[in-house]
Amino acid sequence: MKLLDGVPALLATMLVGACQAPVIQPHGTVNELMIGILEPGTNVVGNAAFQDPEAQPSLGNPYAGWPGVESAAVAMAESAGLLLIPGRACSNGQPAPVDQEDWIEWTADLRETGLASYEAARRKDQDALFDLSERLLATCTDCHVRYLDVDGEPGNRCMP
Ligand code: HEC
């Protein structure tokens, strides 16, 4: 620690802290990611399959239209990584089952379908988006049957 000789201890700690790698950590529950990213993203991507986004009212959103669909799709793909960060909890306090094989598989599906939807949105390919939306919804359902309210009981969420 030669460089820091003579620097007061607190300042030295701050300097060292500032050089550490950024921390990747969860901030919300799985439910919050679902409601914040996956639910709205699915709606944007799904709607684009049925109605040309350029023909829909923008409602003051400057990113409506195809760029909005591309971004929603890529956010779905990114959510896969967020759903795998260790230490995230579900809304019932149960840790998200990030090391379960089926959980990992379904998040991989989200990534692939999200990326394929991104490519389809770039091509403005509504037929492809229709097929991808179906695949996406199947992934949501598969994971929910296994991890969401098993036997209608919220306490059973996320049980490994
Ligand atoms: C890898 C598993 C998994 C996938 C894939 C998944 N979900 Fe979820 N989802 C969950 C779990 C687990 C919860 C409950 C989390 C909690 O309570 O914190 C949940 C909760 C939700 C909720 C809130 C339910 C409620 O009433 O509290 C919504 C909405 C939702 N998911 C939408 C989606 C959509 C849309 C997709 C597909 C694009 C999707 N989810 C894909 C696991 C998944």
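The side chains of D149 and R157 form a salt bridge, with N and O 2.5 Å apart. D149 follows helix α5 and has a positive phi, near 50°. The model described here is predicted.

The whole structure holds 4 salt bridges. In general, side chains of opposite charge can pair when their charged atoms come close.

One of the bridges joins R146 to D102, at an N to O distance of 3.3 Å. R146 belongs to helix α5 (residues 126-147) and D102 to helix α4 (residues 101-122), so this pair links distant parts of the chain, 44 residues apart. R146 has a relative accessibility of 28% and is therefore partly exposed; D102, at 23%, is also partly exposed.

Another bridge pairs R135 with E112, whose closest N and O atoms are 3.4 Å apart. Because R135 sits in helix α5 and E112 in helix α4, the contact ties together parts separated by 23 residues in sequence. R135 is partly exposed, with a relative accessible area of 39%, and E112 is partly exposed at 48%.

**Length and start of α5**

Helix α5 has 22 residues, which at 1.5 Å a residue should span 32 Å. Its end C-alpha atoms lie 31 Å apart, in agreement with that value. At the start of α5, a side-chain oxygen of D125 comes to within 3.3 Å of the backbone nitrogen of D127.

**Two faces of α5**

Which residues of α5 are buried? They are A128, L129, L132, S133, L136, T139, C143 and Y147. Viewed down the axis of α5, these buried residues fall within an arc of 135°, so they line one face of the helix. An α-helix has 3.6 residues a turn, so residues three or four places apart point the same way.

The cover over the buried residues of α5 includes α2 (30-50), α3 (66-82) and α4.

On the face of α5 turned away from its buried side are the exposed residues D127, D131, E134 and V145. D127 is also the residue whose backbone nitrogen is approached by the side chain of D125.

Key
Residues are numbered from 1 along each chain as its sequence is written. This is a predicted model: local features need pLDDT of at least 70, side-chain atom pairs count only at pLDDT 80 or more; totals for chains, interfaces and linings use all residues. Side-chain values use heavy atoms; hydrogens and water are left out. Helices (H or I, at least four residues) and strands (E, at least two) are DSSP runs, numbered from the N terminus. Buried means under 20% relative accessible area, exposed over 50%, partly exposed in between (1.4 Å probe, protein chains only). The expected span of a helix is 1.5 Å times one less than its number of residues. The arc is that of the directions from the helix axis to the C-beta atoms. Contact means heavy atoms within 4.5 Å. A polar contact is a pair of N or O atoms within 3.5 Å; within protein, one must be able to donate a hydrogen and the other to accept it, and residues adjacent in sequence count only if both atoms are side-chain atoms.
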